Amino acid sequence: MLRISRHTFTSLSSYSRMLVFFLCVHALNVHAQAREQWVTEFGTKVIFIQSTSLPMVDVAVDFVAGAAFDPDGKEGLSRLTMRLLDTGTRQYDEHAIAERLATTGSQMGGRFDLDRAGITLRSLSYDEPLGQSVDLLADILSNPIFPQEVLDREINASLVSLRESNTRPASIASRALHQTLFGEHPYRSTGEGSELTLQLLTRDDLVGFHSRFYRASNAVITIVGDLNEVQAREIAQQVSGNLPQGSLDRERLAANAPSAEAKELIIPHEATQAHIRIGMVGIRRGDPDHLPLALANQILGGGGMTSILYDELREKRGMTYGVGSYFSPLKDPGPFVIAFQTRKDQAWEALEVTLTILSDFIRNGPDLEQVERAKKYFIGAFALNVDSNGELLDYYAAIGFYDLPIDYIDSFSRRVKAVTLDQVKDAVSRRMSLDKTVRIIVGPEKRPNEPNG
C-alpha cells in the first residue's frame, strides 16, 4: 500500500545543514544541466531535468485528483483510491509488486493533498532496473484492480485512524477550520472522509474514480535524474500511453465561493490545553502577491523563534510553548492559518492578544529590517532545499502541476531580492483582514461570563 509522503519547501535535512557551502554549489550545478518540457501525444504535460551527479532517476506522476474532488457523500474516496493503487494489478498482486520493487532496488511512494494525488518512483538509472521499475509504475497507474479484500482491510484501518483522529484536539481544530472557512467550496474537505462515507464506499467507486481522474490528460509527469532527453521521452510516452484516455481537458474545481466573514466556533474538549486556530482565505499558486505575503508570514509567525507571534505570546507573556502561521497556496486560494495551544484558563486572553497583533500587523506592516532579514533567510533556505534529485523533483512537480514558469527555481533569489517593503505592506493591507477571519477554539466550553444554555 502506498505510503503518503509529505514534502514542504521549508524542510531542511541535517545533512544539508552540515554541508551548506557544498550544497549551494551543487544546486547551481544541477540547474545548469538540461531542462525541457513538452506535452505527450496523449495530452500529458512533462518536465524533465537532467542531473548526472548520481546514477539515479526520480519520477513523479501527479493527477488532478486530490481530496477536493471527492464526490458529495463519498468523502475519502480520492485518498483511498490513491493508497490502493499498488495493492494489485491484472498482472501482479501486492506481494509480487513489493518483490519486484525489492529486486530492482527501487522505491515507490504516494503523495496526496487537496489538489493532487500521485505516485513517486526512485530507481537506479541503469537500463535493466530502470526499465523494470518504469514497467511496474505504468502497470500500477493504468491497471489497478482494487481487490475487495484489500479494500475492506483499508476501510477498516481508515475507520480506526479516523476515530483516533477525532479524539485529538489538534485534528478537531484543523478539520473544523477547513469546514468553517471554506463552506461549500471543495477545500472544506481534509480527505479523511467520515465514518458514514467510508463505510459506504465500494470497489466500483474506486474503479470509477480511477477511470475519470487517472487519465493521461489529467496527469503531469516530472522526471529528474541521470538520463538524456530521448530516454525521458520514452518513459513519459510509456507511462502516459498506458493511462486511461478520455477527455483532453484537466479536471477543474467547482467554483463555489469560500467564507468571507468572521466566524467563531467553540468546541468543548476534555484536554488540558486549548487548541486555537485563526484562519482566512489566502492565495493561490502563482498569485502575484505570493512572495510579498510569504515574506510577511515569515516575519509574523512563520519564522519560529524569530517571529513576532512567538516573541509576543511565548517570550513576553509565556502563553504558549510555540506558535506558527503559514499560507498554503493551492489551485484556488488556500488557507492562511495561525495555530497555537495554551492553557484553557487563558485561552481567551491569548486569542485576543493574537488578534491584536494580527490587526496591528495588517494595519502597519513590518519594518525594513524585518523584511531584509526574511529575504536573506528565504534565499539561504532555498539553496539548501534544492540539494538532491528528490527535492528538485518536488519543486518541478509543483511547477508543472500549477503551470508556473519553468525558470521558477533559477529566478527565485532574484525575485525575492526585488521585493520591496512597500510591496509587502501593500499586499498585507489588501489581502489580509480581521473581518474575514475564522476562529476555532477547541477546549473551553464557552467564553467567560457567557450565559449557560
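In the predicted model, helix α11, spanning residues 290–302, packs against helix α17, spanning residues 421–431, with the two axes coming within 8 Å and crossing at roughly 90°. Because angles of 65 to 115 degrees count as roughly perpendicular, α11 is assigned as roughly perpendicular to α17. On the α11 side, the contact is made by P292, L293 and A296, which meet Q423, V424, A427, V428 and R431 of α17. The residues of this contact comprise 6 nonpolar, 1 polar and 1 charged.

Aromatic rings were examined next. A pair of such rings is described by the distance of the centres and the angle of the planes. The count comes to 8 aromatic pairs. In the pair formed by F327 and F336, the ring centres lie 4.6 Å apart and the planes stand at 40°, so the pair is classed as tilted; planes under 30 degrees apart would count as stacked, and those over 60 as edge-to-face. F327 and F336 are both buried. Elsewhere, F69, F209 and F213 make up one aromatic cluster.

Confidence was considered for the whole chain and for one stretch of it. The mean pLDDT of the protein chain is 90, with 92% of its residues at 70 or more. Over residues 6–32, by contrast, the pLDDT is below 50. Where pLDDT is low, the predicted coordinates should not be read in detail.

Definitions and conventions
Residues are numbered from 1 along each chain as its sequence is written. This is a predicted model: local features need pLDDT of at least 70, side-chain atom pairs count only at pLDDT 80 or more; totals for chains, interfaces and linings use all residues. Side-chain values use heavy atoms; hydrogens and water are left out. Axes are lines fitted to C-alpha atoms, for helices over the stretch in contact, and angles run from 0 to 180 degrees between N-to-C directions. Helices (H or I, at least four residues) and strands (E, at least two) are DSSP runs, numbered from the N terminus. Angles under 35 degrees count as roughly parallel, over 145 as roughly antiparallel, 65 to 115 as roughly perpendicular and the rest as oblique. Contact means heavy atoms within 4.5 Å. Ala, Val, Leu, Ile, Met, Phe, Trp, Tyr, Cys and Pro count as nonpolar, Asp, Glu, Lys and Arg as charged, and the others, Gly among them, as polar. pLDDT is the predictor's confidence in each residue, from 0 to 100. Rings of Phe, Tyr and Trp (its six-membered ring) pair if their centres lie within 6.5 Å; planes under 30 degrees apart count as stacked, over 60 as edge-to-face and the rest as tilted. Buried means under 20% relative accessible area, exposed over 50%, partly exposed in between (1.4 Å probe, protein chains only).
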